[in-house]
Amino acid sequence: MSVGTLSEEVLNRLSKMLDNGTCGWRQLAKAVSEQPKFHCSESELTSCSLQVLSAAGSPGRTLLARLADRSCSLDFLLHCLKKVEHQEAVQYLTVVEAERIQITVQPQSQQATVGGRVVLTCRATGPSGLTYQWFRGKEEILDEKGCAPELVLCPLALVHQGHYICRVNHGENCLFSEWAHVRLVHSAGASPGCSSSLFPGSVSGLHITHQPQSQAASEGDSLFLECKAEANPPAQYEWYHNMAPMPQHKTRSLKIPCVTTAHRGKYRCKVFNLYHEMWSDTATVTIGPSSITDASWVAVDRGLGAQEIHRSTCGPGINPLQQIAYKPPSAKNFHATDKVALLIGNMNYVYHTQLCAPIADVHELTNLLRQMDFKVVSLLDLNYQEMHSAVTEFLLLLDKGVYGLLYFAGHGYENYGNSFMVPIDAPASYTSEHCLCVQNILTRMQEKKTGLNVFLLDMCRKRNPNDDVIVQPGLLKVTANIVFGYATCVDAEAYEVQREDVSNGIFINFLKRRVCEDEKVTVMLDKVAEDMGRCVITRGRQALELRSNLSERRSLTDQIQTSECSASFSARNLQWSVAHVLPTSRYLQFDCGVTVQLGFAAEFSNIMVIYTRMLEKPKEIVSCSAQLTDFPMDVDVDLKKSNQETLLEAGSLLLIKEDLPSPEDPSLYTRIRSLQRLRRELTFTVCLHYTYSNMDEEVQERQPVTVGKPLVSKLNLHEPRPPRACSASSFSLDSSVGSASSTRPYYTQTAGESSSTDSLTSSRNANIPEETDSPELCDTPK
């Protein structure tokens, strides 16, 4: 039995013991780590710790929920509690186990001839004095046969045909067995019981008596949905989330102990038996942001350790443990007809310094925007054509009253008030011809009569001496709804914080603490600027700049109201969902008897992880693995990191684990990048390697697989869109500021500065010479 089978009452009592005891949840987390699949990372422990900041939060309950998700057994939990010498919890769980009824032998379906003999057996363990009750359908068998663990039906007659179930009782506690079907082989279809159930209107049909109800919950809460039905033969249940089956949930109750935003959506239950099938009503589940959230660990001139979390208010700087307050919407009259965001992170430049942080920056901002009901398209490493097409698709999602947000992390520059985003294929001496002008995008957004236009530009703003063209975008309308949040000031650079695992941009490190606040956008960004100004490591080098003409108190947390344009809202939903459809999981049967599951999970809109998992193999096969190969040249697959046993080895640091098999199921992971360049359906080969027990040589079987065009590949971003160039006037500029250099930018500490585990590196510019003789800051020319 697993931890997940414990009742809420038992889990809550255990949680209180773990929260309040000297041998608490931290000691238990350390003890369960003796099995790697139950090891909790530092961020997971931090998440548990932060629950104390919530009135109803419980670190122990959160830890138990994680153990339940990973199929931790009760025996192992009891073993670990004994190991940490938590006597109270050991004693309580032992009593619970002793009083727990557990069926060890389930009755099995059987068939026999008239006059034959059938024995149905149900055996259970638990406290002394267990009693048994047998039922045929809803009718209890009242004679002495129905009070024993074994029900003997002899001699068999037509009246014995039907479904049987056993109830095991102890006082007020009881537990039902599984159903067993007794069938007479020569009279199947002739019995009155079977023939009556063929008619939908008959008493023995199927009827849903309790429908699942819509709910609103916060991240970390428990979700419980229930669907009850009366049926003969007994009903079976299958749950669906957004019309996708949930294979692990096949009972009338759906219980998810610790929900995230991935669990929001529409739930339905399919109820069926041998003759009928019905669908329940749709239950809509909304998941709001938790009052507690993880902030990435960044140690910047702070003395707060990672071992203990207190309830004190964290000080200025890049805060590793930051509470994001989700306030209910204030009384204001502003709303959005929809909210759409395009996030682009460029890292792997062909001719310029490569960056590290955009992958983490885009990922974190994506999760935060989704909490506020933004439709988010997140893309990494786009060339010029792909960036142009992505912006065009983004504009198709905009309409009257829609909130549009564009975030870019990568190399950039600014000339004469115009900002330019640099694609990964920009040449060494690029100009505006090779880049995207942000102001031109703004003019196109205004044509859509949007309700709010927000640009968050996490890039450098140095002048480009190679560009002798002054770009003149179209005339801007006076809409009073424009907000520009620049990561740095004019003629300055934006920096990354280098860390051992995942790097972050300075801007996002501060923005993620404030972006979910229910404040006017400009007020929120002002607070971010103030936070950045208190950070020692960036003082005098990087400061947020805000430009806005926003006259109304519009916030990123404003609610969506679709009544004014429901048709266009539905069209946007369809357009957006096209770019976020994953292939369905499939099962491959090989000639040797092996069954392999092929599954898919999205990391970004253009990055997908494929995993293979062994579901079944003959006993004579001693070793077996399913590896992926023969990918098309369009997509980017690192062969050295393909078919790896962990996500980390496959190159993925950020993927949400709920989308993947549990750690106890050995799987191989392969990461597919640059899906936006896929011109045809994604085709690859699953190569099965296996060895028989009596053979030394390895045997291979191969199966080709085609999964269509997943995620953003359906949009064909590689294809040119109708040209929409901004007008430009050529002026002769003095470009003798300096010559190109290949020196990588770096920051060296001067005497007297405090050291830090993180350092400022990789400024987000390239090929722009620094007009200073300061030896502390050396920038790569752009």
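Where in the chain is confidence lowest, and where is it highest?

## Confidence of the model

Confidence in this chain is lowest in strand β41 (residues 746-747), at a mean of 28, and highest in strand β23 (residues 402-409), at 95. These values are pLDDT, the predictor's confidence in each residue, from 0 to 100. Helices (H or I, at least four residues) and strands (E, at least two) are DSSP runs, numbered from the N terminus. The chain averages a pLDDT of 78, and 78% of the residues score at least 70.

This is a predicted model, in which local features need pLDDT of at least 70 and side-chain atom pairs count only at pLDDT 80 or more, while totals for chains, interfaces and linings use all residues. Residues are numbered from 1 along each chain as its sequence is written, and side-chain values use heavy atoms, without hydrogens and water.

## Stretches under 50

Over residues 290-331 pLDDT stays under 50, and the model has 97 contacts (heavy atoms within 4.5 Å) for them beyond four places in sequence. Residues 724-759 also have pLDDT below 50, with 83 contacts in the model beyond near neighbours in sequence. Where pLDDT is low, the predicted coordinates should not be read in detail.

After α5 comes Glu85, with a positive phi near 60°.

In α6, the buried residues are Ala89, Val90, Tyr92, Leu93 and Val96, and what covers them includes α1 and α5.

Key: Buried means under 20% relative accessible area, exposed over 50%, partly exposed in between (1.4 Å probe, protein chains only).
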